[in-house]
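Please look at the sequence and the structure before reading the points below.

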Amino acid sequence: MQATAAFGKRKPVAPGPVPAPIAVPAEELAPLAPPPPLAIGNRHWPLLTLGLIAALAVAYWAEMQFGFDQTSASPDVVTLTAAGGLDGMLVFQSGEWWRIFTAPFLHGSPSHFLGNAVALLFTGMILERLIGAPWFGALFVIAGLGGAAGSLVLNPPQIISVGASGAIVGLLTAAFVCSFTFESEQLRRRMRKVSLRFLVPSLLPTLLPLSTAAGGAQVDYGAHIGGAIAGALMGFILSETWPEFSPRPAFERVAGGIAITGVVAAALGFVLITAHYSDYTSTYAARATVLMPPSELPRSDDDGVARSADLVERFPHDPRARLVRAIFFLRKGDSSDAEHQLRLGLDEHEALTTELPSQVQKSLTLVLAITLVIEHRKAEAKEIARPICQDSLPIEFLPMRKMLKDQGVCA
């Protein structure tokens, strides 16, 4: 008879010499049976992971099906706000706490959804199989809350944040931390390879002076940081409490309770969002009538300048109309009127912070700083440009910032 090694939490137990048979009553044999092996090679499908991906897909379909702007290929800011996107002003001032549970299920574009779905699938293929569905669900909920906290703390007010990336980064970080628990080289290598493949691009830009803008949206690195912190903490707790030679972490019932609580909170959140959806869309619909529709947006700077007077007359509260009108005056050498138009555009705080991409405000600020330099008001230009000089900018804005650096406005 040949004994086999059983895998436990930390290492396989090497078989020792086979002792001589001992007569033991049959009813006493069961407690002496070895624990089930750790599912390193388990090939069952991660059903909870697939269920989460399906839920994300349904939520994104609903965004597109019931979105405010049906002409766009991606959900607009109005839709994301009405559908439950995370907004610090609405959470803290309006008491809409449920947004911290609904926002992780929403996404801002097809590529945003597909990227998170692929990352979640790769994570679940190894981590759910290893720790089981209860703990995988609990980690998703806890990391999602950590991501929401990071987004609320690190983002400016009235920035809409959506996406499951905070929860996914937390799952990946937990997997990486747990990998140090096991002595199986194969398992450690697989866990770290999958984790680092997604963690490096998710967290490295927070340490580098790179632009976070992409197609009018920004990567929410606050959510990534918050999710990573929560995931690392939970990975450490799992590692320290995992019973020796057990195929699953301890406290599965507690984990299942956390996961179910998260599901109930998200479901309740979407019920509340559905009840108030028309209130949000009607409010923003009234506001949207003062902004240029997509068909009226300038196709180029020259097109905007040529139509700037008409655009300002018809859309006086659209900061983009003020921007192209300011460019018109700058080309005429009229810096005073250009400054007036730029300041009027920057005074439209609601449109800039809730309805338009952040690039619009940055454009107005950069052009205003350059206009003040032209008027030999460098001290004012420095004050205006200080946030822009230190901020991450899209590549198309870098020549204007270089101009300010050459003038000594940006250090």
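**Packing of α7 and α9**

On the α7 side, S165, G166, V169, G170, T173, A174, V177 and C178 meet A223, H224, G227, A228, G231, A232, G235, F236, L238 and S239 of α9, where contact means heavy atoms within 4.5 Å. By class, this contact of α7 with α9 holds nine nonpolar, nine polar and no charged residues. Ala, Val, Leu, Ile, Met, Phe, Trp, Tyr, Cys and Pro count as nonpolar, Asp, Glu, Lys and Arg as charged, and the others, Gly among them, as polar.

The model is predicted: local features need pLDDT of at least 70 and side-chain atom pairs count only at pLDDT 80 or more, while totals for chains, interfaces and linings use all residues. Residues are numbered from 1 along each chain as its sequence is written, and side-chain values use heavy atoms, with hydrogens and water left out.

- The axes of α7 and α9 come within 7 Å and cross at roughly 35°; axes are lines fitted to C-alpha atoms, for helices over the stretch in contact, and angles run from 0 to 180 degrees between N-to-C directions.
- The crossing of α7 and α9 is right-handed, meaning that the near helix is turned clockwise from the far one by less than a right angle, whereas anticlockwise gives a left-handed crossing.
- Helices (H or I, at least four residues) and strands (E, at least two) are DSSP runs, numbered from the N terminus.

- T173 is found in helix α7, which spans residues 165-178.
- T173 is buried, with a relative accessible area of 9%; buried means under 20% relative accessible area, exposed over 50%, and partly exposed in between (1.4 Å probe, protein chains only).
- Leaving aside neighbours within four places in sequence, T173 is in contact with L199, A228, G231 and A232.
- C178 is also buried, and its relative accessible area is 1%.

**Packing of α16 and α17**

- Helix α16 (residues 358-374) packs against helix α17 (residues 378-390) at an angle of about 160°, with the axes 8 Å apart.
- That angle makes α16 roughly antiparallel to α17; under 35 degrees counts as roughly parallel, over 145 as roughly antiparallel, 65 to 115 as roughly perpendicular and the rest as oblique.
- α16 passes α17 in a left-handed crossing.
- From α16, K362, T365, L366, L368, A369, L372 and V373 meet K378, E380, A381, I384, A385 and I388 of α17.
- The residues of this contact of α16 with α17 divide into nine nonpolar, one polar and three charged.

**Positive phi angles**

- Most residues other than glycine have a negative phi.
- F251 is not a glycine, yet its phi is positive, at about 60°.
- The loop between α9 (221-241) and α10 (252-288) holds F251, which counts as exposed at 52% relative accessibility.
- H376 has a positive phi near 60° and is likewise a residue other than glycine.
- H376 lies in the loop between α16 and α17 and is exposed, with a relative accessible area of 74%.

**Disulfide**

- The count comes to one disulfide, taking a disulfide as a pair of cysteine sulfur atoms within 2.5 Å.
- C389 is joined to C410, with an S to S distance of 1.7 Å.
- C389 lies in helix α17 and C410 in the segment after α18 (398-406), so the pair ties together parts that are 21 residues apart in sequence.
- The link of C389 and C410 is left-handed, with -65° about the S-S bond.
- Both C389 and C410 are buried.
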